[in-house]
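Keep the viewer open as you read.

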Amino acid sequence: MLNWAVYCRHEMVGEVTEIGSKVTKFKVGDKVGVGCLVGSCRQCDQCTNDLENYCSNLIWTYGSVYTDGTLAHGGYSNFIVVDEHFVVRWPENLPIEIGSPLLCAGITTYSPLRYFGLDKPGMNIGVVGLGGLGHVAVKFAKAFGTKVTVISTSINKKKEAIEKLGADSFLVSRDPEEMKAGAGTLDGIIDTVAATHPLLPLISLLKPHGKLVLVGAPDKPLELPVFPLISSRKIIAGSGIGGMKETQEMLDFAAKHNILPDVEIIPIDYVNTAMDRLAKSDVKYRFVIDIAKSLKAE
């Protein structure tokens, strides 16, 4: 059983308060985290290769049904019971009240950078969108030693991207001249945008053999321009969070390089207001609910 100190619905960090008789990885008092997954079949090729996140029978932390038929409610509680396999050890030097979004936004951006080989020093990496995912992608890409270009529809984010987050350059995707100047300069792009948007301008920014990886989830299909992919052997791919082994690896890397998301900490009774603000994109860049201080057990 885990008691939460802070959480972001499916990004929960707290302390172990009870353990079962067969638990070996953790003890009472350990700082731990639970991300997007609380279960999988543990037997398929994906699970046996540490890719539980791609298991066809995975159980999400919220909205899924457990094997006993009960509904998974995520972090909207002061404690949760989770199989130790789906729990990660929280690094001592990583502040729990700030770091919890790493369990979703962190692994969602860390995993494709690693898997697609976009983590080599000196590479030129683009990050599309400077929101909850994008700002963390910039931080990981910089920690890997790459040169980062933020691509956004709004010039208003340029100062923050370069001066605060450390991006090396900035492109306004609606500016034809800027996009033309950036053509063929990027080894890879992490696209975090969840709204419908054209892919052709992004593909044009890639070098031959470049990779455009989608981690945002638009609610409508995107148009796929095939010819520019064929003519320069470019790749469009997708990526979703990561397995438990890689999630622990990501946390340890974040702790080593002092990578933390930018958050606003709120009490539980502010949730409805926070949801209204989210709809207006009025947050930089993640809300974190302080469960320990604001949710009273009945």
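Contact here means heavy atoms within 4.5 Å. One caveat before we use it: this is a predicted model, where local features need pLDDT of at least 70 and side-chain atom pairs count only at pLDDT 80 or more, while totals for chains, interfaces and linings use all residues. Residues are numbered from 1 along each chain as its sequence is written, and side-chain values use heavy atoms, with hydrogens and water left out.

Start at Leu165, in the loop between helix H5 (158-164) and strand S12 (169-172); helices (H or I, at least four residues) and strands (E, at least two) are DSSP runs numbered from the N terminus. Is Leu165 buried or exposed? Leu165 counts as buried because its relative accessibility is 8% (buried is under 20% relative accessible area, exposed over 50%, partly exposed in between, with a 1.4 Å probe and protein chains only). Setting aside neighbours within four places in sequence, Leu165 touches Leu130, His135, Val138, Lys139, Lys142, Glu160 and Asp262.

Several of those partners turn up again in salt bridges, meaning a side-chain nitrogen of Lys or Arg within 4 Å of a carboxyl oxygen of Asp or Glu. The structure has 14 of them. Take Lys139 and Asp262, whose closest N and O atoms are 2.9 Å apart. That pair ties helix H4 (residues 134-143) to the loop between helix H9 (244-257) and strand S16 (263-266), bridging 123 residues. Both ends are buried, Lys139 at 19% and Asp262 at 14%.

Asp168 is partly exposed at 41%, and so is Lys142 at 30%.

Glu160 has a partner too: Lys284, with the closest N and O atoms 2.8 Å apart. Lys284 is exposed at 53%, whereas Glu160 is buried at 14%. Through shared partners, salt bridges join Lys139, Glu160, Lys164, Asp262 and Lys284 into one network.
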